[in-house]
Amino acid sequence: MQIQVPAPHETLELVMGDGAVIRVRRHGRTDGGVRLFVSNGNGFAIDGYYPFWGPLADRYEVVAFDVRNHGQNPPAASGRDGHTYAQMTLDLERVVREVSARWGREPSVGVFHSMSARTAMKHAIELGFPWQALILFDPPNVPPLGHRTYEIMDVFERRLAEWAMRRQDRFTDPSELARQYAETRAHANWVPGVHELMARAVLRRDQTGDGWVLACPRELEASIYLQAMTLNVWPPADAYGGPVKLIAADPQAKGAPGPAFANRALAEDFGYVYEAIEGTGHMLQIQKPEECRRATLDFLAKLAIATR
């Protein structure tokens, strides 16, 4: 089966402080009500998460965007110099501010995965909490040195960085990358059609017209894995200024990734609202999208954040 993301109602080409462009797409309801901002993890693209967020567009306005140098965004002229959590935090501030200015100020909820979730954590703590609620899907949280999960995360991030630097970065066709996803243990259990969907979302035509290349160059992907080790974001739940929920990979699952243990530990240490989705790994939103939507909607219902 082939999954197609519908055309957005509107698109904004937003220019960031260093000149990078982020393409923001508006889906779902536009008649007022709650607005969901959704974005992607490192090396992926938000269109590939459509089985998770697509059905939410029946209830909400959904503002979808890729982190710089990912997905539909053109390569940033600043390149590696701007591919940092510090700059991504400023990018998020500008995206939220510009969307409110151009599409109206509505009650907003951040729903972010992995790298974008870590960015949202840093953004809320340093620049303020613009949300009615913030929902964080399996952020790769790295605790302070000496913490019981530090070594787990150190191994997790460094192995990913080494893998990213070696990964294939040119393809004859998106189906080639789709097959690789399907054959990889960590990605084999994505819902049907998502291997192809994600492959199309993370590749762009080579400028020479010969084949396809990764939208996010492997060197930039690797740099984010390494930056995670020095980000020094391990906040208590009351540091954000508003309600936050951690929805994480299952630490009881076979081959559970490092963030599954780090997020459980963060919740234990600081009293977060926390839920692990049974049987999932790091890409939980496209492994069990229905369960992830239910965990999202349950939290919003408890906060009385509903659609009009």
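## Cysteines

Cys292 is buried, with 0% relative accessible area, where buried means under 20%, exposed over 50% and partly exposed in between, using a 1.4 Å probe on protein chains only. Cys216 counts as buried too, at 6%. This is a predicted model, so local features need pLDDT of at least 70 and side-chain atom pairs count only at pLDDT 80 or more, while totals for chains, interfaces and linings use all residues. Residues are numbered from 1 along each chain as its sequence is written, and side-chain values use heavy atoms, with hydrogens and water left out.

How many disulfides are there? The count is zero, taking a disulfide as a pair of cysteine sulfur atoms within 2.5 Å.

Now for some strands (DSSP runs of E, at least two residues; helices are runs of H or I, at least four, and both are numbered from the N terminus). Three of them form an open, antiparallel sheet in the order S7-S9-S8; two strands pair if DSSP finds at least two bridges between them. S7 (170–171) and S8 (203–205) are the edge strands, each pairing on one side only.

S7 and S9 (residues 212–214) are joined by two bridges, and Arg170 sits opposite Val213 in S9.

## The largest pocket

Here a pocket is an open set of points on a 1 Å grid over the protein atoms alone, with protein on both sides within 12 Å along at least five of seven lines; a cavity is a set where a 1.4 Å probe fits but cannot get out, and lining residues have an atom within 4 Å of a point. The largest pocket has a volume of about 1000 Å³. Of its 42 lining residues, Phe156, Leu160, Ala186, His187 and Pro257 are the closest to the centre. Helix H4 (150–166) supplies the largest share of the lining, seven residues.

## The second largest pocket

This one holds about 200 Å³ of space. Its lining includes Arg204, Arg205, Val213 and Pro217, and S8, S9 and H7 each supply at least two residues.

Note on methods. Grid points are joined across faces, edges and corners, and a volume is the space filled by probe spheres set on the points.
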